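Subject: Structure handover

Hello,

Here is the structure for you to look at. My notes follow below it.

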Amino acid sequence: MSEYPAWRVSGLTAISEGESVKSDHKLLYVPGPIEVNEDVRQVCARPMIGHRTNDFRKLYASIKPGLKKLLYTENAVMVSTSSGSGLMEAAMRNLVRERVLNCVNGAFSQKWYDIAIACGKSAEKLEVEAGKAIKPDMLDAKLSGGGFDAVCVTHNETSTGVMNDLLELSGVMKKYPDVMFLVDSISSMAGAKIEVDRFGIDMCIGSSQKAFGLPPGISFASVSERALKKAEGIKGRGSYFDLVDFKKSYDKDETPSTPAVSFMYGLDYQLKKFLAEGLDARWDRHKRLARTTHAWVKKMGFQLFAEPGYESVTVSCVVDAPGADLKKMQEMMGEKGFAVDKGYTKLNEKLVAAGKKPTFRIPHMGDMTDEELSELLSAFEEVFGNL
Ligand SMILES: Cc1ncc(COP(=O)(O)O)c(C=O)c1O
């Protein structure tokens, strides 16, 4: 049990900001789902409306321009009632005829490869060591052999804190105009500037529970016109994640099946907040939070796991340089009221087996303020000092 400002923990009870209450809720600082602020939770709790009504159409119509602005695109940006993995599968089923190149540099990019195989596609990996980024020359070398109809890139490898450089990679993709450019930006969308049209991304996927600062349950994808054209000619698109159906409904401000209306209220609210903050200010805040975390890592004598120059702006993966007990660290942070990560298990198992130090991750995304990050880092500092 610990003390928090009431507005961060109260459910539907309106308690004025500044008051304190006892609660066993721990502030959620894992790299998604992240802490959802009280104002957002209140919006999500609005009374329900039917999804075949003008009220719903008005809601979706209000969301659409915000999503397009966020992604600097004229493409349709559609909402799916699923977590991001659903849309990762949609990308495979709708946009890959036969052969796909999966760029793999960690657990989530490996997951997209596994989805490709599960969907019966002929998938090949371009794989680099965990902690490293996918470089344009490597992609070019693979694509120059021909035969791929799509490339999958995980923009932000949440397991390692590596952010691939989409601008760099898009330069290569432009040499291969027949190859679809599919991007998982699940843990970077709304936290990093992603210029979908400039980069020529055919499908760009995000999830609500990361930098959108929303509860888990919905995900988003921009889909290019040429991708939708291609999908029309692909058999086995399935039903729930048929992008052609998605688009038909989207054009009428509807969804093919019953959407998670509650989270769409939250999405509409958050997008308006993002635009009020200003997108450039939002990207700058995320960069600043990342810089603060990097400086703290250095001050503590720790290291970042990511290859220099490719550090994520939404999550830092930190090498446990002193070899502290990370399970104990997590418990002690819990006693202070913070639910934190003790590292991505599969990655840490591999690192430890290779005689290397394990890692843990510090998220810095969504609605997080400089003050909240300082509070979190001070708690880490105290805990590591007592381990
Ligand atoms: C980079 C990345 N890709 C994919 C996923 C899977 O997304 P979801 O949990 O929304 O299905 C995650 C989740 O953490 C992720 O971080």
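Phenylalanine 108 sits in helix α5 (residues 107-118). Helices here are DSSP runs of H or I with at least four residues, strands are DSSP runs of E with at least two, and both are numbered from the N terminus. Phenylalanine 108 is partly exposed, at 25% relative accessible area. The scale is this: buried is under 20% relative accessible area, exposed is over 50%, and partly exposed is in between (1.4 Å probe, protein chains only). Leaving out residues up to four places away in sequence, phenylalanine 108 touches Met88, Thr154, Glu157, Thr158, Ser159 and Tyr344. Contact means heavy atoms within 4.5 Å. Aspartate 245 lies 137 residues from phenylalanine 108 along the chain, and their C-alpha atoms are 27 Å apart.

Before you read on: this is a predicted model, local features need pLDDT of at least 70, side-chain atom pairs count only at pLDDT 80 or more, and totals for chains, interfaces and linings use all residues. Residues are numbered from 1 along each chain as its sequence is written, and side-chain values use heavy atoms, with hydrogens and water left out.

The ligand

Which residues come nearest to the ligand? Of the 14 around it, they are Ser83, Ser85, Thr158, Asp184 and Lys210. A residue is near when one of its heavy atoms lies within 4 Å. Helix α4 (84-95) gives the most to this shell, with three residues.

A polar side-chain atom of serine 83 is 2.5 Å from one oxygen atom of the ligand. A polar backbone atom of glycine 84 is 2.8 Å from a ligand oxygen. In glutamine 209, a side-chain N or O atom lies 2.9 Å from an oxygen atom of the ligand. Taken alone, the ligand exposes 390 Å², and the protein buries 89% of that. Accessible areas come from the Shrake-Rupley method with a 1.4 Å probe; for residues, only the protein chains shown count as cover.

Helix α10 (residues 243-250) has six of its eight residues buried, so the rest of the structure largely encloses it. The buried ones are Leu243, Val244, Phe246, Lys247, Ser249 and Tyr250. They pack against several elements, including α3 (54-70), β4 (76-80) and α9 (225-232).

Aspartate 242 is in the loop between α9 and α10. Aspartate 242 is buried, at 7% relative accessible area. At the start of α10, one of its side-chain oxygens comes to within 2.9 Å of the backbone nitrogen of valine 244. The aspartate 242 side chain also makes a polar contact with the side chain of arginine 237, at 2.8 Å. A polar contact is a pair of N or O atoms within 3.5 Å; within protein, one must be able to donate a hydrogen and the other to accept it, and residues adjacent in sequence count only if both atoms are side-chain atoms. Not counting residues up to four places away in sequence, aspartate 242 touches Asn94 and Arg237.

The three-stranded sheet

An open sheet runs β13-β14-β16, with antiparallel pairing. Its edge strands are β13 (303-304) and β16, each pairing on one side only. Two strands pair if DSSP finds at least two bridges between them. Strand β14 (residues 315-319) and β16 have five bridges. Valine 315 has proline 363 of β16 as its bridge partner. Serine 316 stands opposite isoleucine 362.

Is strand β16 (residues 359-363) largely enclosed or open? It is largely enclosed, because five of its five residues are buried. Thr359, Arg361 and Pro363 are on one side, with Phe360 and Ile362 on the other.

Cysteines

How many disulfides are there? The count is zero, taking a disulfide as a pair of cysteine sulfur atoms within 2.5 Å. Cysteine 119 is in none; the nearest cysteine sulfur, in cysteine 152, is 10 Å away. Cysteine 119 counts as buried, at 14% relative accessibility. For cysteine 204, the closest cysteine sulfur is also in cysteine 152, at 12 Å, too far for a bond. Cysteine 204 is buried, with a relative accessible area of 0%.

Histidine 51

Histidine 51 is in the loop between α2 (38-44) and α3. Its relative accessibility is 18%, so histidine 51 counts as buried. Leaving out residues up to four places away in sequence, histidine 51 touches Phe56, Ser257, Thr258 and Pro259.

Best wishes
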